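Colleague: Please take one part of this model and look at it closely. I would like the side chains there first, and then whatever surrounds them.

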Amino acid sequence: MTAALKSPKVTPDRTILLVLFFIVTSAFLLVSHNGDLLGQMGPVGTALKNPIVEALMVSLFLANILFAYLWKAAPWARALVGVGSLLFVLPAAGREDTSLLDLSIQIMIFAALALGLNIVVGLAGLLDLGYVAFFAVGAYTWGIVGSPRFAEILKYFGENPGGTNSGTLAIGLVLTAVTAASMLYISRLTARTAPTAATTWSFRLASVGVVAGVILTVRALLVLLAPQADGLANGLNAGFFWLFLALSIFAAAAVGVLIGLPVLKLKGDYLAIITLGLGEVIRVLANNLDLYSAGSQGITPIKSASVPWFDAAAGALGFAPDQYYLLFLYALVLVMIGLILTVNVRLDRSRIGRAWIAIRDDEVAAQAMGVPLMQTKLIAFATGASFAGVMGMIFAAKQQFISPESFVLNQSIAILSMVILGGMGSFPGVILGAAVVTLLNLRILPGLGEATANISWIPQQANPGQLQRLIFGAILVAMMLLRPEGLLPNRRRQLELHHDDNQEDESAQGNAGALGTATGDVYSAGYAPAKEDDKAGGSR
């Protein structure tokens, strides 16, 4: 069979339908978010301003991208819909209604978080209920240095230097380098031979040394920079945004490894409980370390990167100056989604991806086949944490304000529900799950409550605006009952959940019913022999 025969058949009808649907929904989206045009349309404009109608228009437009992925349409049509939706129509509609651009960024941030958690839960099978902690690490990594909070910290260390000096900085750098090299050497050593008690404790001691070295280095840098506090009253220059974009990845990955080292020997419910506790520890630290995080008051204002040529291009396209940073973050998060999705696909097809799946299916069998459990789980934790870290930094730049209340347990549960709703182990599935959950939480359910708030025959206690969590929970329960594998399931996961449905039942052709009676002989699990001297199982 040739490759042409193996490829899915493209249907012209679906190609035409896809392009028409894209044109119609794009037109409705552009019209429904143009305030001046709606004001001239009378009753039709009033209807389009309805929150439910607006949420429906946004949902139908975003369905274009889903249809472009699922339908067997011509490649040029699928590319037109995908590129046109993301690069042209959404920014154009966002220029008229900034909230739409903000919603798009929020959807993509949660999509990246869901992709990261999908590695931990969907591929490696590690139930993590404290995933939002890594999101917080990335947010505070930039939030502290990219805001006036940084000057307050420098002033404090300038007034309380203790015995810290340039010698402390040298000690911290040497300690960090030596202990990090020791951890790398021990990791390679245990990859070739079975870990012993000595190597295990050496690795733990080296990890403590890395933490101590980093603390000494950071403290020394803060003391040495203290005379510059007045010049950094508004935080570091926005040009450092790119450096800290990389540092947020490493910071979150390091926290993921440090959290994973003591807990990844556990599994199942025990792992879920302890990760939940560690996630809460990060939130409580952010709430109590007033010097660094400003406690419950939060940090504001937080800078975003300044890209002059991008601002000039945005101005030429008709965007207002206060929209430049949102359009920049929209483009940035779109690029990050592409990179994260590429990394996910490559990891899934690599040896480490197969090792994650093996651990998820059966840890004992995976270990027997030579998969190093601890090292493989730590890679999963660190990879998922790094995605959350970079998205946390982008989130801080978008909101321009962060506080511990932004990283509560409900956020972790919401991200986990995106993964489960979309389909564990399925990359397009978790992106769809993130879009559906975000639209429900930010547009559909609030719009439903707003539209029904003034209806007299609906009691206030039964108003959908007061019952958003109940409605969302009912939707999740219905999904788990009707489609437990998710909206766009992974093929392997789908077969696991419907294993019994795919088995052929041949009991009617045998005599297995004799098991439930007092008499009768049971000959075989398959076909019963017709005569006593026949071979069992229907063989000839």
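Modeller: A residue counts as buried when its relative accessible area is under 20%, and as exposed when that area is over 50%. The model is predicted. I will start with Phe407.

Phe407 has a relative accessible area of 3%, so Phe407 is buried. Its ring has a partner. A search of the whole structure gives 16 aromatic pairs. In one of them, the rings of Phe135 and Phe407 have centres 5.7 Å apart and planes at 75°. Planes over 60 degrees apart count as edge-to-face, so this pair is edge-to-face. Phe135 belongs to helix α8 (residues 132-145), and Phe407 to the loop between α19 (373-399) and α20 (409-422). The pair therefore ties together parts that are 272 residues apart in sequence. Phe135 is buried as well, because its relative accessible area is 3%.

Helix α8 holds a ring of another pair. The rings of Trp142 and Phe241 have centres 5.6 Å apart and planes at 85°, so this pair is also edge-to-face. Trp142 is in helix α8 and Phe241 in helix α12 (residues 241-263), so the pair links parts 99 residues apart.

The largest nonpolar core has 124 residues. Phe407 is among the members that touch the most others, along with Ile109, Leu113, Met391 and Ile402. Helix α7 (residues 98-123) gives this core its largest share, 18 residues. Met391 shows the packing well. Leaving out residues up to four places away in sequence, Met391 touches Ile109, Ala112, Leu113, Phe135, Val333, Met336 and Ile340. Phe135, the ring partner of Phe407, is thus among the contacts of Met391. There is also a second, separate core of five residues, including Ile359, Ala366, Val371 and Leu373. In soluble globular proteins, nonpolar side chains tend to be buried together.

Beyond its neighbours up to four places away, Ser406 touches Phe395 and Gln411. Ser296 lies in the loop between α14 (290-293) and α15. Ser296 is exposed, because its relative accessible area is 56%.

Next comes helix α15 itself. Helix α15 (residues 308-316) and helix α16 (residues 324-348) have axes that come within 10 Å and cross at roughly 110°. Angles of 65 to 115 degrees count as roughly perpendicular, so α15 and α16 are roughly perpendicular to each other. On the α15 side the contact uses Phe310, Asp311, Ala314 and Gly315; on the α16 side, Tyr324, Leu327, Phe328 and Ala331. By class, this contact of α15 with α16 has six nonpolar residues, one polar and one charged.

For contrast, take another helix pair. Helix α5 (residues 51-70) and helix α21 (residues 427-451) pack at about 170°, with axes 8 Å apart. That angle makes α5 roughly antiparallel to α21. The α5 residues in the contact include Ile52, Val58, Leu62 and Leu66, and those of α21 include Leu432, Leu439, Ile444 and Leu448. By class, the contact of α5 with α21 has 13 nonpolar, two polar and three charged residues.

The protein has 23 helices and zero strands. Buried residues make up 43% of its 540 residues. Of the contacts between residues at least 6 apart in sequence, 77% join residues at least 24 apart. The Phe135 and Phe407 pair spans 272 residues.

How values were computed: Residues are numbered from 1 along each chain as its sequence is written. This is a predicted model: local features need pLDDT of at least 70, side-chain atom pairs count only at pLDDT 80 or more; totals for chains, interfaces and linings use all residues. Side-chain values use heavy atoms; hydrogens and water are left out. A nonpolar core is a set of buried Ala, Val, Leu, Ile, Met, Phe, Trp, Tyr and Cys residues joined through side-chain atoms within 4.5 Å. Buried means under 20% relative accessible area, exposed over 50%, partly exposed in between (1.4 Å probe, protein chains only). Helices (H or I, at least four residues) and strands (E, at least two) are DSSP runs, numbered from the N terminus. Contact means heavy atoms within 4.5 Å. Axes are lines fitted to C-alpha atoms, for helices over the stretch in contact, and angles run from 0 to 180 degrees between N-to-C directions. Angles under 35 degrees count as roughly parallel, over 145 as roughly antiparallel, 65 to 115 as roughly perpendicular and the rest as oblique. Ala, Val, Leu, Ile, Met, Phe, Trp, Tyr, Cys and Pro count as nonpolar, Asp, Glu, Lys and Arg as charged, and the others, Gly among them, as polar. Rings of Phe, Tyr and Trp (its six-membered ring) pair if their centres lie within 6.5 Å; planes under 30 degrees apart count as stacked, over 60 as edge-to-face and the rest as tilted.
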